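Subject: Structure handover

Hello,

Here is the structure for your files. My notes follow below it.

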Amino acid sequence: AITLAVMSHEAFHQYCHFLFDEAEAHRWFDEGQGDYYGAHDFSGRKPKVTKHMPGGLDRLPGVKEMLREGSLIPISRLIRMNHEEWYGNNSRYHGVASYCQSWALMYFLRQGMVGKVSGKYWEKEYADIVPHYTTHLFTGFAEARAQNEKEFEKKLEAGGGENNFDPDTIKRLRSAIHRVDEETKNKIWNKAMGESWGKIDMEDFENNWLAFIKRDL
C-alpha cells in the first residue's frame with residue numbers, strides 16, 4: 001500500500017511536469033494533489049478517494065493537530081509561496097507541515113468539485129479555482145514556449161540558416177526553447193493566481209475551509 005501511495009504521488013508530479021510542458025506549478029497544487037492521489041485506495045477494481053495515506057505518510061493527523069494548536073498558516077500565504085518558502089515551511093510539524101496543509105486544501109477543492117463537500121462550507125465559485133489555475137498556467141507557458149521558438153528561428157535566420165551552425169550549437173539553442181526565465185515564470189504564476197484565487201473572497205474561504213477540517217474532515 002505504501003509503495004502504491006508513493007508511486008501515485010510521484011506519478012502526479014510527472015503528469016503535472018508534462019502537462020505544463022516541463023514547467024513548474026506552485027507547490028500547493030503539485031504536492032497537494034500528489035498526496036491527494038497518493039491517498040487513493042487501489043485495492044478494488046476502481047480507485048477510491050480516501051482521507052488517509054498509508055503508514056507514516058498520512059496527512060490528516062498533522063492537519064488536525066496543527067488546527068488544534070493554531071499553527072496552520074493562512075491559505076492566502078500558502079498558495080503564494082515559491083518553492084523555497086513552501087519547502088522551508090516544512091520545518092514545522094515533523095517536516096511535513098506544508099504537505100499536510102496542501103493535501104487538506106486539495107482534498108477540500110477536489111471533493112467539493114464533485115459535490116462531496118457540504119454546502120455549509122462550499123461556494124459554487126470554489127469549483128472554478130483549480131480549472132482556472134490550470135488553464136492559465138498551461139496557456140501562459142505555451143505562449144512563452146512559442147515566443148522562445150520565434151527567437152530560435154530568428155537566430156537561425158540571422159546566422160544564415162541551420163546549416164551554418166554546428167550541431168552542438170543547434171542542440172543548445174533548441175534546448176533553450178523549453179526554458180522559461182524566472183521573471184516570465186512569475187508573470188505566468190501571477191496571472192494564473194489572479195484568474196483563479198483572485199476571484200475568491202479569501203477570508204470566507206479560509207473560514208469555510210477551517211470549519212470543514214474541524215467538523216467534516
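In which helix is the place of D204? D204 sits in helix α10, which covers residues 202–215. Please keep in mind that this is a predicted model. D204 is partly exposed, at a relative accessible area of 41%. On the surface, a patch of negative charge gathers D204 together with E123, E125, D128, D201 and E203.

Helix α2 (residues 27–38) is another matter. Eleven of its twelve residues are buried, so the rest of the structure largely encloses α2. Among the buried ones are W28, F29 and Y36. The length of α2 agrees with expectation: at 1.5 Å a residue it should span 16 Å, and its end C-alpha atoms are 15 Å apart.

Salt bridges: the structure has eight. Three of them are described here.

- K185 pairs with E182, with the closest N and O atoms 3.2 Å apart. They are three residues apart in helix α9, so about one helical turn separates them. K185 is buried, with a relative accessible area of 11%. Elsewhere, salt bridges with shared partners join R27, D30 and E31 into one network.
- E31 pairs with R27 at 4.0 Å between the closest N and O atoms, and both residues are buried. They lie four residues apart in α2, so about one helical turn lies between them.
- E151 and K154 meet at 4.0 Å, N to O. E151 is partly exposed at 33% relative accessible area, whereas K154 is exposed at 51%.

Finally, G119 is in the loop between α6 and α7 and is exposed, at 64% relative accessible area. G119 and N208 are 89 residues apart in sequence, yet their C-alpha atoms are 9.9 Å apart in space.

Regards

Terms used: Residues are numbered from 1 along each chain as its sequence is written. This is a predicted model: local features need pLDDT of at least 70, side-chain atom pairs count only at pLDDT 80 or more; totals for chains, interfaces and linings use all residues. Side-chain values use heavy atoms; hydrogens and water are left out. Patches are made of residues with over 30% relative accessible area and no salt bridge: like charges are joined within 9 Å, nonpolar side chains (Val, Leu, Ile, Met, Phe, Trp, Tyr) within 5 Å. Accessible areas come from the Shrake-Rupley method with a 1.4 Å probe; for residues, only the protein chains shown count as cover. A salt bridge is a side-chain nitrogen of Lys or Arg within 4 Å of a carboxyl oxygen of Asp or Glu. Lys and Arg count as positive and Asp and Glu as negative; His and the chain ends are not counted. The place of a charge is taken as NZ of Lys, CZ of Arg, CG of Asp or CD of Glu. Helices (H or I, at least four residues) and strands (E, at least two) are DSSP runs, numbered from the N terminus. Buried means under 20% relative accessible area, exposed over 50%, partly exposed in between (1.4 Å probe, protein chains only). The expected span of a helix is 1.5 Å times one less than its number of residues.
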